[in-house]
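Please look over the sequence and the model below before reading on.

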Amino acid sequence: GKRYEGTITIPADKWLESGKLYTATVQLTDVTPTNAITYTTSDNQPLPVDSMNELNGLYSSHSFENGYGTIVLNNGITELPGWSFYNRDGKRLTSIHLPSQIKTIGVCAFVDCTGLTAIDLSHVTAIGSSAFSSCENLAQITMPQNSFTIGSSAFNYCAAQEIDLTNVSSIDHYAFAYSTQLKTVIVNKPT
């Protein structure tokens, strides 16, 4: 989900020599703003961010280029509001990267985002009720590395087989209800 730019320089006199393999050092620079949400969609088309009322006033720009969308959040935004991607072409969402400034995932933020297969929540401190409910293909969930809370029904009907709850400070009822593929729950890592 990140964008990189860079150049490859091969001396002009080397272009004309045939039959030789040349190596070049490539330096890429991450040009994704650190306060940006990046995403991809199943149809390679942008999400209608301008009509997503929950995000109004929270971002300064939205672009979609080469298959990647970038939503640059305003400084100081720490919560992804409830209902942000629910039923708003959310089924088209195939990947999303949240910036580390996002600490709270609002209620029902990603409900029914059936194309979403992985999410990194390592920097989050609160996951709202039904935040990822009915994300039936969400199989890889990277849980927070610090103390965090999980709201009710947050991961209902998800496809994860293993969940690491080592750092959870509270978990509300039905957090993983109907997640029938869930086989392993880690609650305390051995020391």
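Leaving aside its neighbours within four places in sequence, which residues is serine 133 in contact with? In this predicted model, serine 133 is in contact with Phe110, Val111, Asp112, Ser153, Ala154 and Asn156. Several of the residues in this briefing can be reached by starting from that list, and the points below take them up by topic.

**The protein as a whole**

- The protein has one helix and 15 strands, and of its 191 residues 40% count as buried.
- Among the contacts between residues at least 6 apart in sequence, 38% join residues at least 24 apart.

**Serines in the loops**

- Serine 133 lies in the loop between strand 10 and strand 11, and with a relative accessible area of 10% it is buried.
- Serine 134 lies in the loop between strand 10 and strand 11 (140-142), but serine 134 is partly exposed, with a relative accessible area of 24%.
- Serine 153, which is one of the contacts of serine 133, is found in the loop between strand 12 and strand 13 (162-164), and at 15% relative accessibility serine 153 counts as buried because the limit for that word is under 20%.
- Most residues other than glycine have a negative phi. Serine 134, however, has a positive phi near 65 degrees, and serine 153 likewise has a positive value, of about 55 degrees.

- Phenylalanine 110, another contact of serine 133, has its place in the loop between strand 8 (104-105) and strand 9 (118-120), and with a relative accessible area of 0% it is buried.
- Not counting residues up to four places away in sequence, phenylalanine 110 touches a list of residues that includes Leu80, Phe85, Leu93, Ile96, Leu98 and Ile105, as well as Phe132, Ser133 and Cys135.
- Phenylalanine 110 and glycine 82 are 28 residues apart in sequence, and their C-alpha atoms are 8.3 Å apart in space.
- Phenylalanine 132, with its neighbours within four places in sequence left aside, is in contact with residues that include Phe110, Leu116, Ile127, Leu138, Ala154, Phe155 and Cys158.

**The nonpolar core**

- In soluble globular proteins, nonpolar side chains tend to be buried together.
- The largest nonpolar core here contains 42 residues, and of these Phe110, Ile127, Phe132 and Phe155 touch the most other members.
- Strand 3 (36-41), strand 5 (68-73), strand 7 (93-97) and strand 12 (148-150) each supply at least two residues of this core.

- Five strands form an open sheet with parallel pairing, and their order is 6-8-10-12-14.
- The edges of this sheet are strand 6 (79-80) and strand 14 (168-171), each of which pairs on one side only.
- Strand 10 (residues 126-127) and strand 12 run parallel and are joined by two bridges, and isoleucine 127 has isoleucine 150 in strand 12 as its bridge partner.

**Strand 5 and its partners**

- Five of the six residues of strand 5 are buried, so strand 5 is largely enclosed by the rest of the structure.
- Strand 3 pairs with strand 5 in the antiparallel sense over four bridges, and within this pairing alanine 36 stands opposite valine 72 in strand 5.
- Strand 4 (residues 59-65) also runs antiparallel to strand 5, to which six bridges join it, and the bridge partner of glutamate 65 in strand 5 is tyrosine 68.
- Strand 4 and strand 5 form a hairpin with two residues between them, and in the turn asparagine 66 has a positive phi of about 50 degrees.

**The cavity**

- Rolling a probe the size of a water molecule over the atoms shows where empty space is left.
- The count comes to one cavity of 30 Å³ or more, and the volume of the largest cavity is about 30 Å³.
- Its lining is made up of Ile141, Phe155, Cys158, Ala160, Ile163, Phe176, Ser179 and Leu182, which divide into seven nonpolar residues, one polar residue and no charged residue.
- Phe155 and Cys158, which both belong to this lining, are also among the contacts of phenylalanine 132.

Key
Residues are numbered from 1 along each chain as its sequence is written. This is a predicted model: local features need pLDDT of at least 70, side-chain atom pairs count only at pLDDT 80 or more; totals for chains, interfaces and linings use all residues. Side-chain values use heavy atoms; hydrogens and water are left out. A nonpolar core is a set of buried Ala, Val, Leu, Ile, Met, Phe, Trp, Tyr and Cys residues joined through side-chain atoms within 4.5 Å. Buried means under 20% relative accessible area, exposed over 50%, partly exposed in between (1.4 Å probe, protein chains only). Contact means heavy atoms within 4.5 Å. Two strands pair if DSSP finds at least two bridges between them. On a 1 Å grid over the protein atoms alone, a cavity is a set of points where a 1.4 Å probe fits but cannot get out, and a pocket is an open set with protein on both sides within 12 Å along at least five of seven lines; lining residues have an atom within 4 Å of a point. Grid points are joined across faces, edges and corners, and a volume is the space filled by probe spheres set on the points. Ala, Val, Leu, Ile, Met, Phe, Trp, Tyr, Cys and Pro count as nonpolar, Asp, Glu, Lys and Arg as charged, and the others, Gly among them, as polar.
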